[in-house]
Amino acid sequence: MTAPSTCSRAGCREPAVRRVNWRNPRIHSPDRVKVWLACGDHDGYLHDYLASRGFPVVVTDLAAPLVELPA
Ligand SMILES: [Zn+2]
């Protein structure tokens, strides 16, 4: 069974088309990848939100999971 994937942006109900892969280096080990889903309007917003905190973040297509983030 496949649940519909929706954008992680608060209040947004659009279908997700991208994965925002990120990690908090202070609490996550290097092989850990956290994922937020984003619609086409919010992938940039979510990327910038995380990047502004100094987290490694890479945006990929929804169908392309990331196994490791750059340090
Ligand atoms: Zn959205």
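Trainee: Is Phe55 buried or exposed?

Mentor: This is a predicted model, in which local features need pLDDT of at least 70 and side-chain atom pairs count only at pLDDT 80 or more, while totals for chains, interfaces and linings use all residues. Residues are numbered from 1 along each chain as its sequence is written, and side-chain values use heavy atoms, with hydrogens and water left out. Relative accessible area (1.4 Å probe, protein chains only) under 20% means buried, over 50% exposed, and in between partly exposed. Phe55 has 13% relative accessibility, so the residue counts as buried.

Trainee: How many aromatic pairs are there?

Mentor: Rings of Phe, Tyr and Trp (its six-membered ring) pair if their centres lie within 6.5 Å; planes under 30 degrees apart are stacked, over 60 edge-to-face, and the rest tilted. By this rule the number of aromatic pairs is 4.

Trainee: What is the angle between the planes of Trp22 and Phe55?

Mentor: A pair of aromatic rings is described by the distance of the centres and the angle of the planes. The rings of Trp22 and Phe55 are 5.7 Å apart, centre to centre, and form a stacked pair. The angle between their planes is 10°.

Trainee: How many residues apart in sequence are the parts that this pair of Trp22 and Phe55 ties together?

Mentor: Helices (H or I, at least four residues) and strands (E, at least two) are DSSP runs, numbered from the N terminus. Trp22 belongs to strand E1 (residues 18–22), whereas Phe55 is in the loop between helix H1 (43–51) and strand E3 (57–61). Trp22 is buried, because its relative accessibility is 10%. The pair therefore ties together parts whose separation in sequence is 33 residues.

Trainee: Why do the rings of Tyr45 and Tyr49 count as a stacked pair, and in which helix do both lie?

Mentor: The ring centres of Tyr45 and Tyr49 are 6.4 Å apart and the planes are at 25°, so the pair is stacked. Tyr45 is partly exposed at 38% relative accessibility, and Tyr49 is partly exposed at 34%. The two residues are 4 apart, about one turn of the helix, and both lie in helix H1.

Trainee: Which charged residue sits over the ring of Tyr49?

Mentor: A charge sits over a ring if NZ of Lys or CZ of Arg is within 6 Å of the ring centre and within 35 degrees of the ring normal. Arg9 lies over the face of Tyr45, 3.9 Å from the ring centre. Over the ring of Tyr49, with its charged end 3.9 Å from the centre, sits Arg53.

Trainee: Which residues do the ring pairs link into a cluster?

Mentor: The stacked pair of Trp22 and Phe55 belongs here, as does that of Tyr45 and Tyr49. The cluster linked by ring pairs consists of Trp22, Trp36, Tyr45, Tyr49 and Phe55.

Trainee: What is the geometry at the zinc ion?

Mentor: Donors are N, O and S atoms within 2.8 Å of the metal (3.2 Å for Na, K and Ca); water is not among the atoms, so sites may look incomplete. The protein donors are Cys7 (SG), Cys12 (SG), Cys39 (SG) and His42 (ND1), at 2.0 to 2.4 Å from the zinc ion. Four donors count as tetrahedral if all angles lie between 85 and 135 degrees; four count as square planar and six as octahedral if opposite donors are over 155 degrees apart and all others between 65 and 115; anything else is irregular. Angles among the 4 donor atoms are 104 to 114°, and the site is tetrahedral.
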